[in-house]
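Trainee: I would like a close look at one part of this model. Please take me through it step by step.

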Amino acid sequence: MSSPHDELCPPPTDDDDLNLPRASINKIIKQLVPTVRVAYESRELIVNCCTEFIHLISSEANEICGQRNKKTISAEHVLEALDRLGFRDYREEAESVLTNCKEVAAKRRRQRTRLENLGIPEEELLRQQQELFAKAREEQAAQEQAQWYNLQASAVQQSAELMHKQMQEDDDDEDDEY
């Protein structure tokens, strides 16, 4: 007879690379329940459940895809698989994630298109950027040099004033001696 541990956490198989990354699952667990310690067996069970859930949904989505004579599983196939398997509660969240992914992809395409619409090759843009950096470094160096000259001039002026004051005091002392 097998132990409950063996049933919940089967020994690793050659399919082990089909599991989700444990670090990602651990991070999700930590975010969801930061004040609770989760045993190793529980973490393994969660990884196995998540993997099995993904296999179940993707198999059903693949079946739907095949029924419609399609070769690529689309998001609509996955959403329908959720419905067929009784996971309708997850559909709204899945649709929200899908919408967000589409928005991010569209934003990336727009940014890429803007760069392409400039009509300037990437190498030229990099060259121009390097020129701007060099110009900025030159301006910074010029400002620092101007500050250094100002400090030197101020030091020379203070030194001259101090010497002039010292000479006046010396003259006053000589006048007092006569």
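Trainee: With which residue does Glu 80 form a salt bridge, and how far apart are the closest N and O atoms?

Mentor: Keep in mind that this is a predicted model. The partner of Glu 80 is Arg 84. Their closest N and O atoms lie 3.2 Å apart. That counts as a salt bridge because the cut-off is 4 Å between a side-chain nitrogen of Lys or Arg and a carboxyl oxygen of Asp or Glu. The general idea is simple: side chains of opposite charge can pair when their charged atoms come close.

Now place the pair. Glu 80 and Arg 84 both sit in helix H4 and are four residues apart, so about one helical turn separates them. Arg 84 has a relative accessible area of 40%, so it is partly exposed.

Next, look at what H4 packs against. Helix H3 covers residues 40-67, and its axis runs 8 Å from that of H4. The angle between the two helices is about 115°. H3 is therefore roughly perpendicular to H4. The crossing of H3 and H4 is right-handed. On the H3 side, the contact residues include Phe 53, Ile 57 and Glu 60. On the H4 side, Glu 80 and Arg 84 are among them, along with His 77 and Leu 82. The contact residues split into eight nonpolar, two polar and three charged.

Follow the chain past H4. The loop between helix H4 (75-84) and helix H5 (91-117) holds Arg 88. Its relative accessibility is 56%, so Arg 88 counts as exposed. Leaving aside residues up to four places away in sequence, Arg 88 touches Leu 82 and Asp 83.

Compare another helix, H6, which spans residues 122-177. Glu 124 and Arg 127 lie there, three residues apart, about one turn of the helix. They form a salt bridge, with the closest N and O atoms 2.4 Å apart. Glu 124 is partly exposed because its relative accessibility is 26%. Arg 127 is partly exposed too, at 38%. Arg 127 also meets Glu 131 in a salt bridge, at 1.9 Å from N to O. Arg 127 and Glu 131 are four residues apart in H6, so about one helical turn lies between them. Glu 131 is partly exposed, with a relative accessible area of 44%.

Back to your pair. Salt bridges that share partners join Glu 60, Arg 68, Glu 80 and Arg 84 into one network. The count for the model comes to eight salt bridges.

Terms used. Residues numbered from 1 in each chain as written. Predicted model: local features only at pLDDT ≥ 70, side-chain atom pairs only at ≥ 80, totals over all residues. Heavy atoms only, no water. Buried < 20%, exposed > 50% of the residue type's maximum accessible area, 1.4 Å probe, protein only. Contact = heavy atoms within 4.5 Å. Axes fitted to C-alpha atoms, helices over the stretch in contact; angles between N-to-C directions. Parallel < 35°, antiparallel > 145°, perpendicular 65-115°, else oblique. Left-handed = near helix turned anticlockwise from the far one by under 90°. Nonpolar A, V, L, I, M, F, W, Y, C, P; charged D, E, K, R; others polar.
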